[in-house]
Amino acid sequence: MAIIEIEKGSGFCFGVTTAIRKAEEELNKSGHLYCLGDIVHNTAEVDRLASSGLETITHEQLEELHDVKVLLRAHGEPPETYETARRNNIEIIDATCPVVLKLQQRIHTTYHNGCKPEAQIVIYGKRGHAEVLGLVGQTQGRATVIENIGEIDNIDYSRDIYLYSQTTKSVQEFQHIVEEIKRRVQPGVTFRSVDTICRSVANRIPQIRQFAAQHELILFVSGAKSSNGRILFAECKDANPESYLISSEVDIDPAWLEGKERIGICGATSTPRWLMQQVKDAVQHIIETKPEVQQGC
């Protein structure tokens with residue numbers, strides 16, 4: 001019988017866990033709560049909380065609300081969101097991750113007090129990502145966002161540069177970007193980089209690579225919107241080519257399981273443990289109900 005294991009480090013990070021706890025506490029009291037954007041980049045978990053009364057809204061809808069409670073998720077928000085809440089008498093339940101909040105404060109301080117007016121704030125992150133929008137908002141929308149090392153041509157190397165990173169990005173690529181900027185920066189120009197990548201996420205990489213290498217097959221469970229999920233799945237795939245990205249048990253191809261004795265299940269920091277357990281149960285069921293091979297006469 002095949003051994004099926006869920007990687008012990010997989011599942012919600014501290015920030016997501018806190019946001020969901022705060023949502024559930026309010027829902028248990030009132031039965032309804034607004035959340036600005038998906039509380040987590042996982043459709044199954046969003047649907048679970050929606051069934052308990054969590055209503056996801058957009059920034060446009062926030063402008064129309066008055067005298068209600070709104071949860072801000074772990075990704076954080078720009079200053080404009082807090083101003084809208086103040087103006088509309090909205091009570092904010094702030095679940096911004098402490099790591100993200102500290103990063104926002106650093107960027108805000110640098111932009112408003114710590115650099116020359118012509119200096120550039122550069123953020124290594126995914127353009128349009130909720131966390132990155134909150135970071136750019138600390139600079140009145142003037143920060144430069146680069147998604148990868150191929151975009152560093154967008155930086156002006158004749159002006160001071162202050163580099164920060166989205167908390168869930170790759171440590172290795174961040175360091176490559178730092179070295180390349182150092183190589184290009186012009187004499188007399190100030191360049192400062194601050195590694196703001198969350199170590200609870202970054203430290204997952206060696207753990208998940210080791211787990212992937214120990215199994216014949218990896219089922220990586222993640223929502224399509226999860227930036228962290230894409231990074232961790234790429235690491236799994238590199239460590240074990242027999243790795244497959246799925247959103248739930250319905251994506252499992254029984255052919256993947258053929259002849260596999262050690263099957264591993266893991267996920268992103270936005271993947272709930274209960275969903276990975278459902279995947280494990282589904283794999284077990286497929287294996288146990290597989291028809292026996294008919295023997296010839």
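In the predicted model, V122 has L163 of β8 as its bridge partner. That bridge belongs to the parallel pairing of β6 (residues 120–124) with β8 (residues 161–165), which runs over 5 bridges; strands count as paired if DSSP finds at least two bridges between them. Helices (H or I, at least four residues) and strands (E, at least two) are DSSP runs, numbered from the N terminus.

Zooming out, β6 and β8 sit in an open sheet of 4 strands, ordered β7-β6-β8-β9 with parallel pairing. At the edges are β7 (144–146) and β9 (191–193), each pairing on one side only. On average, neighbouring strands of this sheet are turned by 20 degrees against each other, direction ignored. Helix α5 (residues 98–114) packs on the sheet, touching β6 and β8, and its direction makes about 170 degrees with that of β8. Helix α7 (residues 171–184) lies across β6, β7, β8 and β9, also at about 170 degrees to β8. Contact means heavy atoms within 4.5 Å, while axes are lines fitted to C-alpha atoms (for helices, over the stretch in contact), with angles from 0 to 180 degrees between N-to-C directions.

Now for α4 (residues 79–87): its buried residues (under 20% relative accessible area, 1.4 Å probe, protein chains only) are T81, T84 and A85. Seen down the axis of α4, they fall within an arc of 100 degrees, so they line one face of the helix; the arc is that of the directions from the helix axis to the C-beta atoms. Their cover includes β2 (33–36), α3 (59–64), β4 (69–72) and β5 (91–94).

Residues are numbered from 1 along each chain as its sequence is written. Local features need pLDDT of at least 70 and side-chain atom pairs count only at pLDDT 80 or more, whereas totals for chains, interfaces and linings use all residues, and side-chain values use heavy atoms, leaving out hydrogens and water.

Notes: Buried < 20%, exposed > 50% of the residue type's maximum accessible area, 1.4 Å probe, protein only.
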